Amino acid sequence: MKRAHILIYTSSATKIPLVGGGTHDVGIFLGELVEPIEPLIRAGHLVEFVSPDGKGCVIDPASYRITNWGLSRSRMEHARNFFETTLQELGVGNPVKLSDILADKTRLNSYDVVFIPGGHAPMTDVLHKDWLE
């Protein structure tokens, strides 16, 4: 089996603007990061993390609502543990800066897949340099 090289874009945004003014705290949704990626890692595919500024991602506090886990506390705790152990060991807390990858064509061309986990945070810095400005 060919091992895929997967680039995982982890937004480091922590706030989004509200229409009526002010901001709302956000991050990446834990389940939308862990659940798609865990089986790929366990199958032996290679992952590398990237963010716009080289900062690690923040998990959206709403990720820990049990209703987002089909009311399964064990499923939520498994995801939290996988994030805090395996993904930390693989570099989620210390991603590569996006501009460094974009500046290196050989490195850029080495990826088979780009994955952007959901949550409100990626809406902030995938399309905008700083949505709050």
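Modeller: Helices (H or I, at least four residues) and strands (E, at least two) are DSSP runs, numbered from the N terminus. The model is predicted, so local features need pLDDT of at least 70 and side-chain atom pairs count only at pLDDT 80 or more, while totals for chains, interfaces and linings use all residues. Residues are numbered from 1 along each chain as its sequence is written, and side-chain values use heavy atoms, with hydrogens and water left out.

Asp53 has a relative accessibility of 35% and therefore counts as partly exposed; buried means under 20% relative accessible area, exposed over 50%, and partly exposed in between (1.4 Å probe, protein chains only). Not counting residues up to four places away in sequence, Asp53 touches Ser12 and Lys97, where contact means heavy atoms within 4.5 Å. With Ser12 there is a side-chain to side-chain polar contact of 2.8 Å. A polar contact is a pair of N or O atoms within 3.5 Å; within protein, one must be able to donate a hydrogen and the other to accept it, and residues adjacent in sequence count only if both atoms are side-chain atoms. A polar atom of the Asp53 side chain also lies 3.0 Å from the backbone nitrogen of Lys55.

Val58 belongs to the loop between β4 and α2 and is partly exposed, at a relative accessible area of 33%. Leaving aside neighbours within four places in sequence, Val58 is in contact with Ser11, Thr14, Val26, Gly27 and Ile28. Its C-alpha atom is 14 Å from that of Ile116, 58 residues away along the chain.

Ser63, in the loop between β4 and α2, has 1% relative accessibility and so counts as buried. Beyond residues up to four places away in sequence, Ser63 touches Ile28, Phe29, Leu30, Asn68, Trp69 and Met76. Leu71, which lies in the loop between β4 and α2, is exposed, with a relative accessible area of 63%. Leu71 is not a glycine, yet has a positive phi of about 60°.

Now the helix packing. The axes of α1 (residues 30-42) and α2 (residues 73-89) come within 10 Å and cross at roughly 65°. That makes α1 roughly perpendicular to α2, a label for angles of 65 to 115 degrees (under 35 is roughly parallel, over 145 roughly antiparallel, the rest oblique). The crossing of α1 past α2 is left-handed. On the α1 side the contact is made by Leu30, Leu33, Val34, Glu35, Ile37, Glu38, Ile41 and Arg42, and on the α2 side by Arg75, Met76, His78, Ala79, Arg80, Phe82, Phe83 and Leu87. By class, this contact of α1 with α2 has 10 nonpolar, 1 polar and 5 charged residues.

Glu38, in helix α1, is buried, with a relative accessible area of 12%. Apart from neighbours within four places in sequence, Glu38 is in contact with His78 and Phe82.

Definitions and conventions: Axes fitted to C-alpha atoms, helices over the stretch in contact; angles between N-to-C directions. Left-handed = near helix turned anticlockwise from the far one by under 90°. Nonpolar A, V, L, I, M, F, W, Y, C, P; charged D, E, K, R; others polar.
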